[in-house]
Amino acid sequence: MSLTFLLRRGGLMVYTLAVVSLVVFGITQVLPADAAVMMLGENATPEALAAVRERLGLDQPVIVQYGRWLAGVLRGDFGFSLRTGQKVAPVMLEALGRSLLLAALSIGLMLLIAVPLGIVAAVRRGRLADLVVSLMSYVGVSLPEFVTATLAVLLLADWLQLLPATGYVPPTEDPVRGLKHLVLPVLTVSVILVAHVSRMVRSELVDVLHADYIRAARLKGLDARTVLFKHALRNALLPAITIVALDVGYLLGGIIVVEEIFALPGVGRQLIVAIQNRDLPAIQAGALIMAATYSAVNFLADIAYAALDKRIQYE
Amino acid sequence: MSELLGRLLRSPQGAIGCAIVALAGLTVAFGPLLAPYSPEGLYPLARYQAPSAEHWLGTDQYGRDILSRLMVGARATIAMAFTATAIGTLAGAVIGTTSAYLGGRADEAIMRTVDALLSVPSLLFALLIVNLLGKSAFNALIAVGIAFTPGMARITRSVALAVRKQDYVNAAIARGESSLYIVLREMMPNVIAPIVVEMTIRVSFAVMLFATLSFLGLGAQPPAPEWGLMVAEGRKFMHLSAGMIVWPSLAIAAVAIGFNLLGDGLRDALNPRT
(Lines give C-alpha, C1' and ligand atoms only; values in the text may rest on other atoms or scores of the structure.)
Protein backbone atom coordinates (compact mmCIF):
# COMPACT_ATOMS: atom_id res chain seq x y z
CA MET A 1 0.00 0.00 0.00
CA SER A 2 1.47 3.30 -1.00
CA LEU A 3 1.82 6.29 1.28
CA THR A 4 -0.03 8.49 -1.23
CA PHE A 5 -3.06 6.21 -1.03
CA LEU A 6 -3.07 6.42 2.77
CA LEU A 7 -2.69 10.19 2.72
CA ARG A 8 -5.39 10.72 0.10
CA ARG A 9 -7.82 8.42 1.85
CA GLY A 10 -7.04 10.08 5.19
CA GLY A 11 -7.51 13.53 3.68
CA LEU A 12 -10.85 12.42 2.33
CA MET A 13 -11.95 11.34 5.79
CA VAL A 14 -10.92 14.70 7.27
CA TYR A 15 -12.86 16.51 4.52
CA THR A 16 -15.88 14.28 5.16
CA LEU A 17 -15.82 15.06 8.87
CA ALA A 18 -15.47 18.79 8.16
CA VAL A 19 -18.50 18.76 5.84
CA VAL A 20 -20.51 16.69 8.30
CA SER A 21 -19.65 19.00 11.19
CA LEU A 22 -20.75 22.02 9.11
CA VAL A 23 -24.01 20.31 8.13
CA VAL A 24 -24.80 19.17 11.67
CA PHE A 25 -24.01 22.57 13.12
CA GLY A 26 -25.87 24.35 10.32
CA ILE A 27 -29.04 22.29 10.59
CA THR A 28 -29.19 22.44 14.37
CA GLN A 29 -27.93 25.86 15.34
CA VAL A 30 -27.73 28.22 12.36
CA LEU A 31 -30.80 27.50 10.22
CA PRO A 32 -33.47 27.68 12.96
CA ALA A 33 -34.69 31.30 13.01
CA ASP A 34 -34.09 31.45 16.76
CA ALA A 35 -32.50 28.36 18.23
CA ALA A 36 -33.27 29.52 21.78
CA VAL A 37 -37.01 29.83 21.07
CA MET A 38 -36.93 26.52 19.20
CA MET A 39 -35.45 24.81 22.24
CA LEU A 40 -37.49 26.39 25.00
CA GLY A 41 -40.76 26.94 23.15
CA GLU A 42 -42.80 30.07 22.48
CA ASN A 43 -43.78 30.56 26.12
CA ALA A 44 -40.27 30.74 27.58
CA THR A 45 -39.45 33.71 29.79
CA PRO A 46 -37.06 36.33 28.34
CA GLU A 47 -34.57 35.54 31.14
CA ALA A 48 -34.51 31.84 30.27
CA LEU A 49 -34.07 32.67 26.58
CA ALA A 50 -31.25 35.06 27.36
CA ALA A 51 -29.56 32.42 29.51
CA VAL A 52 -29.67 29.84 26.72
CA ARG A 53 -28.47 32.38 24.15
CA GLU A 54 -25.50 33.18 26.34
CA ARG A 55 -24.73 29.56 27.13
CA LEU A 56 -24.68 28.60 23.44
CA GLY A 57 -23.17 31.90 22.33
CA LEU A 58 -26.14 32.52 20.03
CA ASP A 59 -25.55 36.29 20.23
CA GLN A 60 -22.16 35.86 18.53
CA PRO A 61 -21.61 35.78 14.74
CA VAL A 62 -22.16 32.35 13.17
CA ILE A 63 -18.47 31.87 12.34
CA VAL A 64 -17.50 32.49 15.96
CA GLN A 65 -20.19 30.09 17.19
CA TYR A 66 -18.99 27.37 14.82
CA GLY A 67 -15.33 28.00 15.65
CA ARG A 68 -15.97 27.76 19.39
CA TRP A 69 -18.08 24.65 18.98
CA LEU A 70 -15.51 22.95 16.73
CA ALA A 71 -12.66 23.86 19.07
CA GLY A 72 -14.64 22.25 21.89
CA VAL A 73 -15.43 19.15 19.82
CA LEU A 74 -11.76 18.69 18.90
CA ARG A 75 -10.91 18.75 22.61
CA GLY A 76 -13.66 16.20 23.22
CA ASP A 77 -15.95 18.78 24.80
CA PHE A 78 -19.51 18.88 23.45
CA GLY A 79 -20.79 21.36 26.03
CA PHE A 80 -23.53 20.84 28.60
CA SER A 81 -26.87 19.12 28.03
CA LEU A 82 -29.77 21.57 28.23
CA ARG A 83 -31.96 18.80 29.60
CA THR A 84 -29.84 17.41 32.42
CA GLY A 85 -27.21 20.12 32.86
CA GLN A 86 -24.49 17.46 32.76
CA LYS A 87 -21.55 17.41 30.39
CA VAL A 88 -22.61 15.76 27.12
CA ALA A 89 -19.32 14.04 26.20
CA PRO A 90 -19.03 11.52 29.08
CA VAL A 91 -22.70 10.55 28.78
CA MET A 92 -22.33 10.03 25.01
CA LEU A 93 -19.10 8.09 25.46
CA GLU A 94 -20.77 5.68 27.87
CA ALA A 95 -23.73 5.34 25.47
CA LEU A 96 -21.33 4.75 22.56
CA GLY A 97 -19.87 1.76 24.38
CA ARG A 98 -23.31 0.14 24.60
CA SER A 99 -24.08 0.94 20.95
CA LEU A 100 -20.76 -0.53 19.82
CA LEU A 101 -21.50 -3.71 21.78
CA LEU A 102 -24.87 -3.96 20.03
CA ALA A 103 -23.27 -3.24 16.64
CA ALA A 104 -20.41 -5.72 17.13
CA LEU A 105 -22.75 -8.53 18.21
CA SER A 106 -25.08 -7.78 15.28
CA ILE A 107 -22.28 -7.77 12.71
CA GLY A 108 -20.91 -11.01 14.20
CA LEU A 109 -24.29 -12.73 14.02
CA MET A 110 -24.86 -11.33 10.53
CA LEU A 111 -21.56 -12.76 9.22
CA LEU A 112 -22.28 -16.15 10.80
CA ILE A 113 -25.62 -16.34 9.00
CA ALA A 114 -25.19 -14.30 5.82
CA VAL A 115 -21.93 -15.76 4.46
CA PRO A 116 -23.06 -19.43 4.56
CA LEU A 117 -26.46 -18.46 3.10
CA GLY A 118 -24.79 -16.57 0.26
CA ILE A 119 -22.44 -19.50 -0.44
CA VAL A 120 -25.28 -22.02 -0.53
CA ALA A 121 -27.34 -19.80 -2.82
CA ALA A 122 -24.43 -19.24 -5.22
CA VAL A 123 -23.36 -22.89 -5.36
CA ARG A 124 -26.91 -24.10 -5.87
CA ARG A 125 -27.83 -21.29 -8.23
CA GLY A 126 -31.28 -21.59 -9.78
CA ARG A 127 -32.21 -24.46 -7.45
CA LEU A 128 -34.62 -24.52 -4.53
CA ALA A 129 -32.03 -23.41 -1.95
CA ASP A 130 -31.20 -20.34 -4.06
CA LEU A 131 -34.89 -19.46 -4.37
CA VAL A 132 -35.45 -19.79 -0.62
CA VAL A 133 -32.44 -17.61 0.21
CA SER A 134 -33.46 -14.94 -2.29
CA LEU A 135 -37.06 -14.93 -1.00
CA MET A 136 -35.72 -14.54 2.54
CA SER A 137 -33.55 -11.64 1.50
CA TYR A 138 -36.45 -9.89 -0.25
CA VAL A 139 -38.53 -10.15 2.90
CA GLY A 140 -35.54 -9.16 5.05
CA VAL A 141 -34.72 -5.93 3.23
CA SER A 142 -38.39 -4.96 3.19
CA LEU A 143 -38.92 -5.09 6.94
CA PRO A 144 -38.18 -1.78 8.69
CA GLU A 145 -36.49 -2.30 12.09
CA PHE A 146 -39.49 -1.07 14.01
CA VAL A 147 -41.68 -3.73 12.36
CA THR A 148 -39.17 -6.54 13.01
CA ALA A 149 -38.70 -5.33 16.57
CA THR A 150 -42.41 -5.06 17.29
CA LEU A 151 -43.18 -8.47 15.81
CA ALA A 152 -40.23 -10.04 17.67
CA VAL A 153 -41.44 -8.56 20.96
CA LEU A 154 -44.96 -9.80 20.25
CA LEU A 155 -43.77 -13.33 19.50
CA LEU A 156 -40.79 -13.93 21.80
CA ALA A 157 -41.55 -11.66 24.74
CA ASP A 158 -45.33 -11.30 24.86
CA TRP A 159 -46.58 -14.72 23.71
CA LEU A 160 -43.75 -17.13 24.44
CA GLN A 161 -42.37 -15.12 27.39
CA LEU A 162 -38.85 -16.26 26.50
CA LEU A 163 -37.09 -12.91 26.66
CA PRO A 164 -37.49 -9.55 28.35
CA ALA A 165 -39.27 -7.03 26.09
CA THR A 166 -37.27 -3.92 26.95
CA GLY A 167 -34.56 -2.61 29.23
CA TYR A 168 -30.83 -2.95 29.57
CA VAL A 169 -28.63 -4.68 32.12
CA PRO A 170 -24.86 -4.17 31.76
CA PRO A 171 -23.39 -7.55 30.81
CA THR A 172 -20.46 -6.82 33.12
CA GLU A 173 -22.88 -6.67 36.05
CA ASP A 174 -25.00 -9.71 35.32
CA PRO A 175 -23.84 -11.58 32.20
CA VAL A 176 -26.89 -13.84 31.84
CA ARG A 177 -29.55 -11.17 32.23
CA GLY A 178 -27.45 -8.71 30.27
CA LEU A 179 -27.20 -11.03 27.29
CA LYS A 180 -30.89 -11.92 27.50
CA HIS A 181 -31.73 -8.24 27.16
CA LEU A 182 -29.46 -8.00 24.13
CA VAL A 183 -30.94 -10.95 22.18
CA LEU A 184 -33.96 -9.14 20.68
CA PRO A 185 -32.09 -5.95 19.73
CA VAL A 186 -29.27 -7.94 18.08
CA LEU A 187 -31.73 -10.15 16.18
CA THR A 188 -33.65 -7.13 14.96
CA VAL A 189 -30.61 -5.22 13.75
CA SER A 190 -29.24 -8.33 12.02
CA VAL A 191 -32.29 -9.04 9.83
CA ILE A 192 -31.76 -6.32 7.22
CA LEU A 193 -27.99 -6.81 7.27
CA VAL A 194 -28.28 -10.58 6.72
CA ALA A 195 -30.67 -10.05 3.83
CA HIS A 196 -28.38 -7.50 2.22
CA VAL A 197 -25.02 -9.17 2.74
CA SER A 198 -26.18 -12.69 1.79
CA ARG A 199 -27.39 -11.28 -1.53
CA MET A 200 -24.04 -9.55 -2.09
CA VAL A 201 -22.00 -12.65 -1.20
CA ARG A 202 -24.15 -14.66 -3.60
CA SER A 203 -23.71 -12.32 -6.54
CA GLU A 204 -19.95 -11.86 -5.96
CA LEU A 205 -19.47 -15.61 -5.68
CA VAL A 206 -21.58 -16.30 -8.79
CA ASP A 207 -19.34 -13.91 -10.74
CA VAL A 208 -16.14 -15.46 -9.39
CA LEU A 209 -17.35 -19.01 -10.10
CA HIS A 210 -17.64 -18.05 -13.77
CA ALA A 211 -14.06 -16.75 -13.93
CA ASP A 212 -11.49 -18.51 -16.09
CA TYR A 213 -9.16 -19.37 -13.23
CA ILE A 214 -11.95 -21.29 -11.50
CA ARG A 215 -12.58 -23.27 -14.69
CA ALA A 216 -8.85 -23.92 -14.89
CA ALA A 217 -8.82 -25.16 -11.30
CA ARG A 218 -11.73 -27.48 -12.04
CA LEU A 219 -10.18 -28.72 -15.27
CA LYS A 220 -6.93 -29.65 -13.58
CA GLY A 221 -8.98 -31.99 -11.43
CA LEU A 222 -9.31 -30.23 -8.08
CA ASP A 223 -12.38 -31.29 -6.15
CA ALA A 224 -15.29 -28.89 -5.86
CA ARG A 225 -14.67 -28.18 -2.18
CA THR A 226 -11.07 -27.05 -2.69
CA VAL A 227 -12.06 -24.90 -5.65
CA LEU A 228 -14.81 -23.24 -3.65
CA PHE A 229 -13.03 -22.65 -0.36
CA LYS A 230 -9.42 -22.20 -1.50
CA HIS A 231 -9.88 -20.41 -4.82
CA ALA A 232 -13.30 -18.80 -5.18
CA LEU A 233 -14.27 -17.67 -1.71
CA ARG A 234 -11.22 -15.52 -1.07
CA ASN A 235 -11.87 -13.36 -4.10
CA ALA A 236 -15.61 -13.27 -3.56
CA LEU A 237 -15.37 -12.16 0.06
CA LEU A 238 -12.86 -9.36 -0.49
CA PRO A 239 -15.36 -6.95 -2.06
CA ALA A 240 -17.76 -7.94 0.71
CA ILE A 241 -15.51 -6.08 3.19
CA THR A 242 -16.34 -2.73 1.60
CA ILE A 243 -20.01 -3.67 1.25
CA VAL A 244 -20.25 -4.54 4.93
CA ALA A 245 -18.61 -1.21 5.73
CA LEU A 246 -21.18 0.64 3.61
CA ASP A 247 -23.90 -1.32 5.40
CA VAL A 248 -22.74 0.25 8.65
CA GLY A 249 -24.86 3.21 7.52
CA TYR A 250 -28.00 1.05 7.63
CA LEU A 251 -26.73 -0.44 10.85
CA LEU A 252 -26.45 2.97 12.52
CA GLY A 253 -29.92 3.99 11.33
CA GLY A 254 -31.28 0.68 12.56
CA ILE A 255 -29.54 1.09 15.90
CA ILE A 256 -31.32 4.41 16.47
CA VAL A 257 -34.72 2.76 16.10
CA VAL A 258 -33.85 -0.47 17.90
CA GLU A 259 -32.35 1.28 20.93
CA GLU A 260 -35.43 3.47 21.17
CA ILE A 261 -37.82 0.49 21.01
CA PHE A 262 -35.92 -1.70 23.46
CA ALA A 263 -35.02 1.19 25.78
CA LEU A 264 -31.34 0.38 25.33
CA PRO A 265 -29.42 3.47 26.46
CA GLY A 266 -27.01 3.83 23.55
CA VAL A 267 -26.13 6.76 21.27
CA GLY A 268 -29.28 6.24 19.19
CA ARG A 269 -31.59 6.48 22.15
CA GLN A 270 -29.68 9.48 23.51
CA LEU A 271 -30.16 11.12 20.13
CA ILE A 272 -33.91 10.47 20.02
CA VAL A 273 -34.32 11.78 23.57
CA ALA A 274 -32.26 14.82 22.63
CA ILE A 275 -34.38 15.48 19.54
CA GLN A 276 -37.60 15.10 21.51
CA ASN A 277 -36.30 17.59 24.06
CA ARG A 278 -34.60 19.84 21.50
CA ASP A 279 -31.38 19.47 23.45
CA LEU A 280 -29.01 21.03 20.88
CA PRO A 281 -25.59 20.12 22.31
CA ALA A 282 -26.69 16.49 22.74
CA ILE A 283 -28.18 16.35 19.20
CA GLN A 284 -24.95 17.74 17.76
CA ALA A 285 -22.82 15.28 19.71
CA GLY A 286 -24.96 12.25 18.83
CA ALA A 287 -25.15 13.09 15.13
CA LEU A 288 -21.45 13.82 14.86
CA ILE A 289 -20.45 10.65 16.71
CA MET A 290 -22.59 8.53 14.38
CA ALA A 291 -21.27 10.11 11.19
CA ALA A 292 -17.69 9.92 12.48
CA THR A 293 -18.13 6.22 13.30
CA TYR A 294 -19.39 5.59 9.78
CA SER A 295 -16.51 7.38 8.07
CA ALA A 296 -13.94 5.78 10.37
CA VAL A 297 -15.29 2.30 9.56
CA ASN A 298 -15.21 3.03 5.84
CA PHE A 299 -11.68 4.42 6.09
CA LEU A 300 -10.52 1.23 7.83
CA ALA A 301 -12.39 -0.95 5.33
CA ASP A 302 -10.78 0.77 2.35
CA ILE A 303 -7.35 0.44 3.95
CA ALA A 304 -7.96 -3.24 4.72
CA TYR A 305 -9.20 -3.85 1.19
CA ALA A 306 -6.15 -2.16 -0.30
CA ALA A 307 -3.85 -4.12 2.01
CA LEU A 308 -5.47 -7.47 1.16
CA ASP A 309 -5.94 -6.92 -2.55
CA LYS A 310 -2.62 -5.94 -4.10
CA ARG A 311 -4.26 -5.01 -7.40
CA ILE A 312 -5.77 -1.75 -6.16
CA GLN A 313 -2.72 -0.25 -4.46
CA TYR A 314 -1.95 2.24 -7.22
CA GLU A 315 -5.42 3.64 -7.53
CA MET B 1 -42.50 -0.17 -24.51
CA SER B 2 -44.92 -3.09 -24.76
CA GLU B 3 -41.94 -5.34 -25.39
CA LEU B 4 -40.42 -4.07 -22.15
CA LEU B 5 -43.65 -4.73 -20.28
CA GLY B 6 -43.78 -8.23 -21.75
CA ARG B 7 -40.24 -8.96 -20.58
CA LEU B 8 -41.04 -7.49 -17.18
CA LEU B 9 -44.15 -9.63 -16.70
CA ARG B 10 -42.40 -12.81 -17.84
CA SER B 11 -39.96 -12.72 -14.91
CA PRO B 12 -41.46 -13.83 -11.60
CA GLN B 13 -40.08 -10.79 -9.72
CA GLY B 14 -41.45 -8.40 -12.31
CA ALA B 15 -44.89 -10.01 -12.37
CA ILE B 16 -45.30 -10.16 -8.57
CA GLY B 17 -43.83 -6.68 -8.16
CA CYS B 18 -46.19 -5.26 -10.80
CA ALA B 19 -49.18 -6.92 -9.15
CA ILE B 20 -48.34 -5.58 -5.67
CA VAL B 21 -47.51 -2.08 -6.90
CA ALA B 22 -50.69 -1.98 -9.04
CA LEU B 23 -52.75 -3.02 -6.03
CA ALA B 24 -51.01 -0.38 -3.92
CA GLY B 25 -51.65 2.23 -6.62
CA LEU B 26 -55.34 1.34 -6.78
CA THR B 27 -55.58 1.59 -3.00
CA VAL B 28 -53.93 5.01 -3.05
CA ALA B 29 -56.34 6.15 -5.77
CA PHE B 30 -59.61 4.61 -4.62
CA GLY B 31 -58.96 3.47 -1.00
CA PRO B 32 -60.91 6.27 0.65
CA LEU B 33 -63.87 5.64 -1.68
CA LEU B 34 -63.94 1.89 -1.14
CA ALA B 35 -63.22 1.79 2.60
CA PRO B 36 -66.23 0.20 4.33
CA TYR B 37 -66.00 2.43 7.45
CA SER B 38 -64.74 5.89 8.27
CA PRO B 39 -61.05 5.67 9.30
CA GLU B 40 -61.72 7.97 12.23
CA GLY B 41 -65.17 6.70 13.18
CA LEU B 42 -65.17 5.74 16.88
CA TYR B 43 -67.20 2.71 17.95
CA PRO B 44 -66.55 2.27 21.69
CA LEU B 45 -68.64 -0.90 21.78
CA ALA B 46 -66.59 -2.59 19.06
CA ARG B 47 -63.07 -2.26 20.50
CA TYR B 48 -60.23 -4.80 20.04
CA GLN B 49 -62.32 -7.05 17.81
CA ALA B 50 -60.80 -10.05 16.08
CA PRO B 51 -61.29 -10.31 12.31
CA SER B 52 -64.93 -11.00 11.45
CA ALA B 53 -67.39 -10.64 8.57
CA GLU B 54 -68.08 -6.99 9.48
CA HIS B 55 -64.48 -6.07 10.28
CA TRP B 56 -62.25 -8.17 8.02
CA LEU B 57 -59.08 -7.21 9.88
CA GLY B 58 -60.67 -6.44 13.26
CA THR B 59 -60.82 -3.13 15.11
CA ASP B 60 -58.44 -1.03 17.23
CA GLN B 61 -58.52 0.55 20.68
CA TYR B 62 -61.25 3.02 19.68
CA GLY B 63 -63.26 0.50 17.67
CA ARG B 64 -61.99 1.91 14.40
CA ASP B 65 -62.01 -0.53 11.48
CA ILE B 66 -58.39 -1.53 10.76
CA LEU B 67 -58.98 -2.39 7.09
CA SER B 68 -60.57 1.00 6.44
CA ARG B 69 -57.67 2.74 8.18
CA LEU B 70 -55.16 0.81 6.08
CA MET B 71 -57.02 1.64 2.86
CA VAL B 72 -57.26 5.34 3.65
CA GLY B 73 -53.76 5.42 5.13
CA ALA B 74 -52.23 4.15 1.89
CA ARG B 75 -52.16 7.77 0.74
CA ALA B 76 -50.46 8.91 3.96
CA THR B 77 -47.79 6.22 3.55
CA ILE B 78 -47.27 5.24 -0.10
CA ALA B 79 -48.18 8.51 -1.82
CA MET B 80 -45.99 10.45 0.63
CA ALA B 81 -43.08 8.03 0.20
CA PHE B 82 -43.40 8.20 -3.57
CA THR B 83 -43.46 12.01 -3.58
CA ALA B 84 -40.45 12.15 -1.26
CA THR B 85 -38.51 9.82 -3.55
CA ALA B 86 -39.51 11.90 -6.59
CA ILE B 87 -38.23 15.07 -4.87
CA GLY B 88 -34.96 13.38 -3.95
CA THR B 89 -34.55 11.94 -7.44
CA LEU B 90 -35.20 15.26 -9.13
CA ALA B 91 -32.83 17.20 -6.87
CA GLY B 92 -30.22 14.45 -7.15
CA ALA B 93 -30.57 14.34 -10.95
CA VAL B 94 -29.99 18.08 -11.22
CA ILE B 95 -26.90 17.95 -8.98
CA GLY B 96 -25.53 14.78 -10.58
CA THR B 97 -26.00 15.98 -14.16
CA THR B 98 -24.54 19.39 -13.36
CA SER B 99 -21.53 17.76 -11.76
CA ALA B 100 -20.99 15.43 -14.70
CA TYR B 101 -21.44 18.33 -17.14
CA LEU B 102 -19.00 20.62 -15.31
CA GLY B 103 -16.37 17.90 -14.95
CA GLY B 104 -12.85 18.52 -13.66
CA ARG B 105 -12.30 20.13 -10.30
CA ALA B 106 -15.90 21.26 -9.83
CA ASP B 107 -17.06 17.68 -10.40
CA GLU B 108 -14.45 16.42 -7.93
CA ALA B 109 -15.49 18.96 -5.29
CA ILE B 110 -19.23 18.29 -5.69
CA MET B 111 -18.81 14.54 -5.58
CA ARG B 112 -16.51 14.56 -2.54
CA THR B 113 -19.11 16.66 -0.74
CA VAL B 114 -21.87 14.30 -1.83
CA ASP B 115 -19.76 11.40 -0.49
CA ALA B 116 -19.32 13.25 2.79
CA LEU B 117 -23.08 13.75 3.08
CA LEU B 118 -23.58 10.05 2.38
CA SER B 119 -21.73 9.31 5.62
CA VAL B 120 -24.75 10.60 7.50
CA PRO B 121 -27.22 7.68 7.68
CA SER B 122 -30.53 8.53 5.89
CA LEU B 123 -32.57 8.10 9.05
CA LEU B 124 -30.25 10.38 11.03
CA PHE B 125 -30.31 12.98 8.24
CA ALA B 126 -34.10 12.86 8.14
CA LEU B 127 -34.28 13.11 11.95
CA LEU B 128 -32.08 16.23 11.93
CA ILE B 129 -34.21 17.90 9.26
CA VAL B 130 -37.45 17.08 11.04
CA ASN B 131 -35.88 18.52 14.18
CA LEU B 132 -35.23 21.71 12.23
CA LEU B 133 -38.61 21.96 10.49
CA GLY B 134 -40.83 20.57 13.25
CA LYS B 135 -42.68 17.28 13.34
CA SER B 136 -45.40 16.82 10.74
CA ALA B 137 -46.14 14.53 7.81
CA PHE B 138 -45.20 17.21 5.27
CA ASN B 139 -41.89 17.97 6.95
CA ALA B 140 -41.11 14.25 7.10
CA LEU B 141 -41.71 14.15 3.33
CA ILE B 142 -39.25 16.99 2.78
CA ALA B 143 -36.76 15.34 5.14
CA VAL B 144 -36.86 12.01 3.30
CA GLY B 145 -36.53 13.83 -0.04
CA ILE B 146 -33.44 15.73 1.13
CA ALA B 147 -31.95 12.62 2.74
CA PHE B 148 -32.22 10.78 -0.60
CA THR B 149 -30.68 13.59 -2.67
CA PRO B 150 -26.94 12.79 -2.22
CA GLY B 151 -27.41 9.12 -3.14
CA MET B 152 -29.41 9.96 -6.26
CA ALA B 153 -26.87 12.63 -7.25
CA ARG B 154 -24.07 10.06 -7.12
CA ILE B 155 -26.01 7.55 -9.21
CA THR B 156 -27.18 10.10 -11.81
CA ARG B 157 -23.64 11.37 -12.27
CA SER B 158 -22.12 7.93 -12.79
CA VAL B 159 -24.88 6.97 -15.24
CA ALA B 160 -24.55 10.24 -17.17
CA LEU B 161 -20.76 9.87 -17.41
CA ALA B 162 -21.05 6.27 -18.56
CA VAL B 163 -23.61 7.15 -21.24
CA ARG B 164 -21.53 10.10 -22.42
CA LYS B 165 -18.66 7.72 -23.23
CA GLN B 166 -20.79 5.32 -25.29
CA ASP B 167 -20.00 4.83 -28.97
CA TYR B 168 -23.47 5.82 -30.14
CA VAL B 169 -23.04 9.25 -28.53
CA ASN B 170 -19.67 9.69 -30.22
CA ALA B 171 -21.25 8.51 -33.45
CA ALA B 172 -23.96 11.15 -33.13
CA ILE B 173 -21.31 13.80 -32.49
CA ALA B 174 -19.38 12.57 -35.54
CA ARG B 175 -22.58 12.74 -37.64
CA GLY B 176 -22.76 16.41 -36.66
CA GLU B 177 -26.00 16.20 -34.69
CA SER B 178 -26.92 19.19 -32.55
CA SER B 179 -26.22 19.09 -28.78
CA LEU B 180 -29.96 19.26 -28.11
CA TYR B 181 -30.59 16.22 -30.31
CA ILE B 182 -27.77 14.29 -28.65
CA VAL B 183 -28.92 15.08 -25.13
CA LEU B 184 -32.61 14.45 -25.79
CA ARG B 185 -32.63 11.57 -28.26
CA GLU B 186 -29.39 9.72 -27.57
CA MET B 187 -28.54 10.30 -23.89
CA MET B 188 -31.84 10.86 -22.09
CA PRO B 189 -33.48 7.49 -22.82
CA ASN B 190 -30.38 5.69 -21.58
CA VAL B 191 -29.94 7.89 -18.53
CA ILE B 192 -33.57 7.66 -17.48
CA ALA B 193 -33.82 3.88 -17.48
CA PRO B 194 -31.27 3.16 -14.69
CA ILE B 195 -32.58 6.11 -12.69
CA VAL B 196 -36.14 4.78 -12.88
CA VAL B 197 -34.87 1.42 -11.64
CA GLU B 198 -33.03 3.06 -8.73
CA MET B 199 -36.03 5.24 -7.93
CA THR B 200 -38.39 2.26 -7.84
CA ILE B 201 -36.16 0.47 -5.34
CA ARG B 202 -35.81 3.67 -3.30
CA VAL B 203 -39.57 4.03 -2.98
CA SER B 204 -39.45 0.91 -0.82
CA PHE B 205 -36.78 2.54 1.39
CA ALA B 206 -38.88 5.69 1.49
CA VAL B 207 -41.96 3.76 2.62
CA MET B 208 -39.88 2.24 5.41
CA LEU B 209 -38.16 5.50 6.34
CA PHE B 210 -41.37 7.48 6.32
CA ALA B 211 -43.17 4.87 8.43
CA THR B 212 -40.18 4.83 10.79
CA LEU B 213 -40.34 8.61 11.27
CA SER B 214 -44.06 8.36 12.02
CA PHE B 215 -43.41 5.43 14.33
CA LEU B 216 -40.94 7.57 16.27
CA GLY B 217 -43.61 10.27 16.57
CA LEU B 218 -41.79 12.64 14.21
CA GLY B 219 -43.85 12.20 11.03
CA ALA B 220 -47.61 11.84 10.65
CA GLN B 221 -49.47 12.77 13.84
CA PRO B 222 -52.50 11.01 15.43
CA PRO B 223 -55.25 10.33 14.48
CA ALA B 224 -53.83 10.03 10.92
CA PRO B 225 -54.11 6.43 9.67
CA GLU B 226 -50.42 6.37 8.65
CA TRP B 227 -49.21 2.77 8.80
CA GLY B 228 -46.07 3.36 10.90
CA LEU B 229 -48.07 5.45 13.34
CA MET B 230 -50.67 2.67 13.54
CA VAL B 231 -47.95 0.21 14.60
CA ALA B 232 -46.65 2.70 17.19
CA GLU B 233 -50.14 3.20 18.65
CA GLY B 234 -50.90 -0.51 18.56
CA ARG B 235 -47.81 -1.43 20.60
CA LYS B 236 -49.42 -0.28 23.84
CA PHE B 237 -52.31 -2.67 23.24
CA MET B 238 -50.45 -5.62 21.76
CA HIS B 239 -51.59 -8.10 24.42
CA LEU B 240 -55.23 -7.06 23.84
CA SER B 241 -55.18 -7.31 20.07
CA ALA B 242 -52.14 -8.38 18.05
CA GLY B 243 -53.92 -7.49 14.80
CA MET B 244 -53.44 -3.80 15.51
CA ILE B 245 -49.71 -4.14 14.92
CA VAL B 246 -49.60 -7.18 12.64
CA TRP B 247 -51.77 -5.83 9.78
CA PRO B 248 -50.11 -2.45 9.30
CA SER B 249 -46.70 -4.16 9.63
CA LEU B 250 -47.65 -6.59 6.88
CA ALA B 251 -48.93 -3.74 4.73
CA ILE B 252 -45.62 -1.85 5.04
CA ALA B 253 -43.59 -4.98 4.33
CA ALA B 254 -45.77 -5.97 1.36
CA VAL B 255 -45.49 -2.56 -0.30
CA ALA B 256 -41.74 -2.44 0.33
CA ILE B 257 -41.32 -5.94 -1.14
CA GLY B 258 -43.49 -4.97 -4.12
CA PHE B 259 -41.38 -1.95 -5.07
CA ASN B 260 -38.17 -3.94 -4.50
CA LEU B 261 -39.33 -6.75 -6.79
CA LEU B 262 -40.58 -4.30 -9.41
CA GLY B 263 -37.23 -2.46 -9.36
CA ASP B 264 -35.25 -5.69 -9.78
CA GLY B 265 -37.66 -6.88 -12.47
CA LEU B 266 -37.30 -3.58 -14.34
CA ARG B 267 -33.51 -3.80 -14.12
CA ASP B 268 -33.52 -7.27 -15.66
CA ALA B 269 -36.05 -6.26 -18.32
CA LEU B 270 -33.96 -3.25 -19.32
CA ASN B 271 -30.72 -5.26 -19.52
CA PRO B 272 -31.79 -8.36 -21.43
CA ARG B 273 -28.20 -9.54 -21.79
CA THR B 274 -27.44 -10.11 -18.13
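User: How many residue pairs are in polar contact between chain A and chain B?

Analyst: A polar contact is a pair of N or O atoms within 3.5 Å; within protein, one must be able to donate a hydrogen and the other to accept it, and residues adjacent in sequence count only if both atoms are side-chain atoms. Between chain A and chain B there are five such residue pairs, both at pLDDT 80 or more. This is a predicted model, in which local features need pLDDT of at least 70 and side-chain atom pairs count only at pLDDT 80 or more, while totals for chains, interfaces and linings use all residues. Residues are numbered from 1 along each chain as its sequence is written, chains are lettered from A and ligands numbered from 1 in the order in which they are written, and side-chain values use heavy atoms, with hydrogens and water left out.

User: Which side chains meet in a salt bridge?

Analyst: The term denotes a side-chain nitrogen of Lys or Arg within 4 Å of a carboxyl oxygen of Asp or Glu. The count between the two chains is one: A:Arg199 meets B:Asp264 at 3.6 Å, N to O.

User: What area is buried between chain A and chain B?

Analyst: Buried area is the accessible area (1.4 Å probe) that two parts lose on being put together, summed over both. Here it is about 3,700 Å², with 77% given by carbon and sulfur atoms. On the side of chain A, A:Ile27, A:Tyr138 and A:Phe146 lose the most area to chain B, together 17% of what that side buries.
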